[in-house]
Amino acid sequence: MLILSSLLLFILLAAARDEFQEELVIRPLHSGDIYASFQFRTLWDTDFLQEGQKVSHYRLFPKSLGQVLSKFSVRELHISFTQGFWRTMQWGQPFIPSPPGAELWVWFHDTVSDVDGNWKELTNVLSGIFCASLNFIDLTNTVQPSASFKPLGLGNATDHRFLRYATLPREIVCTENLTPWKKLLPCGSKAGLAVLMKSEKLFHSSFHSQAVHIRPICQDEQCSSKAWELRQTLNVVFDLHTSGQGKKEWSLFKMFSRTLTEACPLASSSKVYVDITDNPELFELSPATPLLGQAVVLGDRRTYSVYDLIMPTSSMVLSPCALGDMLRPLLHAERYVAGFGLQTGEIHTVIYNNHPYRAFPVLLMDSVPWYLQLYIHTLTVTSKSRDNKPSYIHYQPAKDRHRPHLLEMLIQLPPHSMTEVTVQFERALLKWTEYTPDPNHGFYVGSSVVSALVPSMVAMRTNFTQDQPLFSSFVPVKEESSYFVRVYTEPLLVNLPTPDFSMPYNVICLTCTVVAVGYGSFYNLLTRTFQVDEPSPPLSKRLANLIRRMRGVPLLT
Amino acid sequence: IFWFNYRHVANTLSVYRSVKRLGIPDSHIVLMLADDMACNYRNPKPATVFSHKNMELNVYGDDVEVDYRGYEVTVENFLRVLTGRLPPSTPRSKRLLSDDRSNILIYLTGHGGNGFLKFQDSEEISNMELADAFEQMWQKRRYNELLFIIDTCQGASMYERFYSPNLMALASSQVGEDSLSVSHTFFTCLFQFKVCPQSQCVSTPGHRTDLFQRDPGSVLITDFFGSVRKVEITKDTINLTSPVEPPIKRSGSGDIQIESLTYVDQLPVAEIIHQKPKQKDWHPPDGFILGLWTLILLVFFQTYGIKHLKHIF
């Protein structure tokens, strides 16, 4: 009886296990900046979308997100808040790319009947959780991409009616977004790697991006069952010059003004990786560690020094470095607005393929707000000064005040070339209540997304193992010879013809002045009657009259 | 948007900090900041807001939660928060969940004039609107006692029109005076209530307590600025029941079809090129089309008479 109950207890305990891993990757960049990437992963073997069974016991997985997933039947959720723009040519490719502002894309389950209603409520709930103005996401800036943003997790069906994508390029990221993000971690910011996250240092940087990615993944190598994965990532690029460093020497304390004390007790693994691939003999790491790891990430084989926090080590890390050549990023994109005046303009998107001999296709997705009316008949795609016809175009025109433009194209990029996509647009006049309180700042257009399978110099690993570092296992790899990359362009800032908001006040002042002065004087002239009046005598005469009255003598005139 | 409004954000955050320090949790505070100062590009020390130029106290801190920020701070949102008439999908942190036993503190700061307070440089809230909002709150039993503090130019005009009971109001300046919030500090870091005399501040503070039912002298500041949580301490051990576990997925016993789950191809080029066009969801006909058909049918029956109707149905 006792043995049976203890066995039952053991099975019950082993049933819904959850696991938490944390890691930090530090990579010195060629421009002298330091790229630090935190990743926190919680794996949970449970089913939120089960019928009739509500998940009620949460341990490491945050309850607020779990309830959101089950209430709105979410299959995948990706939300990111970014301040700054990732400079691909100077810094290389990030581990997890994100556009400036806020970006949210969600795959719903196919059992959902009203996707738009769920989307609206989901954005409101998330705006409360993350203290952000996500409630400004509505149908005027949501699109349903037809080929980009395929699910990053497990699944078979990819009907794009269940996908919603929206960006808010104007969204500001500050401490009030970091605070609830830190609260989602099992250890909070009290233990483990999250101790380093001090907002005064994190926001004093060239690039800051925090994201939450939730998706179902394979639980083990055979992939017989699935588990839910919650990844919280924070990417920061510190500029050594603004933080007052003269020499190219950095330490954890100088970057974060905190030191690591211990690993999170709830974490099964807690590691710090330092990228020493570039010129390892010129590096000096203290404390030195004999642990070296190699990982293939973003088409490149890189060597890392590994510090495991579960085994106690000391905290400071110093390194002077002189760096050699950087691997040139193979895919790079830019975007700008051309033209003059406040009536028309032209959007130019330039995509560079820096591979010396291989051509590969890219999928370009553009979502333009309705008040920039695109003329699609002027769309041209040229590479190497010759016309390049895309093999797939999906265009959904905008509906005024209802829907933005969506343009998706699959373009084949010739090797070592520059491809330019241009489209002309006309600026619309908004109703005067639709202007923001500061319309002269301009209106933002969200970043374009370029997705591609870039040929890789190094063979990528296609099977996942548990001990693979987190930063190399985010995107599932299907074939060895290429890796998937997503590049975001700059957002655009466009001026719309703005009315003069002081005009009603000026008109009222002018009209009232004209009425009062002009008409009033005229009315006075017409209706005034004149009477002859004796002028009052001067003071001396009045006094004289007073004395004469007293004397009884006749008065002066 | 305007950097010279930094001091208003600093004032609001000082009050927020003091209120939090005296015990009110974030779930009971609705903080609305119209401009982002801390992470603005003009701020030489990002993620900080200081209340004094010697930069000794960062009132922004590391654990601030702003509920309404930027363009969300509008007159409509403010009145909706007060009266509770928010759309159903509004999250809890953006609602004022008060009942008839709650004491509410409202602190407003910014630019104002005789009878109005400016929101976002494009709209104003008038003292009559505010008074009506408070009356709605009273009728819906949304507060027990309410302390209204306003820190703007001519702030005393904002409370002239109040007519609901249990309201106490304080203003930093009278009608006709400007308030320089630099010299008007309600709270120092020792949380003393400092009312500054005419010689130090340029303006005269005003107050209104006639609508208050209790004697104002007996009211504690902490009735509005702080809160006490009830904590029960016990030394007995409590046995928790074992948690409800979801049913165990049996694997291995018998022959069960294990469907291998796969990841989706991120850029399936061949599939994309040969993609069939999406079937458009069928929508019921638009109002215009319906009206057009109704018109056609009406004209038809008018010309040919109603007796033809029975041939149709």
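**Entry 1: B:H111.** I located B:H111 in the loop between β3 (103-109) and β4 (112-113) of chain B; the model I am reading is a predicted one. I looked up its accessibility and found B:H111 partly exposed, with a relative accessible area of 24%. Leaving aside residues up to four places away in sequence, I noted that B:H111 touches B:F4, B:N5, B:R7, B:H8, B:L117, B:K118 and B:T152. With B:N5, the side chain of B:H111 makes a polar contact of 3.0 Å.

**Entry 2: the annotated site.** I checked the UniProt annotation; the unreviewed entry assigns "active site" to B:H111 and B:C153. I traced B:C153 to the loop between β7 (145-151) and β8 (167-171) of chain B. B:C153 counts as buried because its relative accessible area is 17%, and the cut-off is under 20%.

**Entry 3: chain B against chain A.** I then turned to the interface. Chain B puts 50 residues into the contact and chain A puts in 68. About 5,300 Å² is buried between the two chains, with carbon and sulfur atoms giving 59% of that area. On the chain B side, I recorded B:R69, B:Y263 and B:Q266 as losing the most area to chain A, together 17% of what that side buries.

Entry 4: I found 3 salt bridges between chain B and chain A. One I looked up joins the side chains of B:E65 and A:K183 at 2.7 Å, N to O.

How values were computed: Residues are numbered from 1 along each chain as its sequence is written. Chains are lettered from A and ligands numbered from 1 in the order in which they are written. This is a predicted model: local features need pLDDT of at least 70, side-chain atom pairs count only at pLDDT 80 or more; totals for chains, interfaces and linings use all residues. Side-chain values use heavy atoms; hydrogens and water are left out. UniProt positions are given in the numbering used here, feature names are shortened, and annotations may be inferred rather than shown by experiment. Helices (H or I, at least four residues) and strands (E, at least two) are DSSP runs, numbered from the N terminus. Buried means under 20% relative accessible area, exposed over 50%, partly exposed in between (1.4 Å probe, protein chains only). Contact means heavy atoms within 4.5 Å. A polar contact is a pair of N or O atoms within 3.5 Å; within protein, one must be able to donate a hydrogen and the other to accept it, and residues adjacent in sequence count only if both atoms are side-chain atoms. Buried area is the accessible area (1.4 Å probe) that two parts lose on being put together, summed over both. A salt bridge is a side-chain nitrogen of Lys or Arg within 4 Å of a carboxyl oxygen of Asp or Glu.
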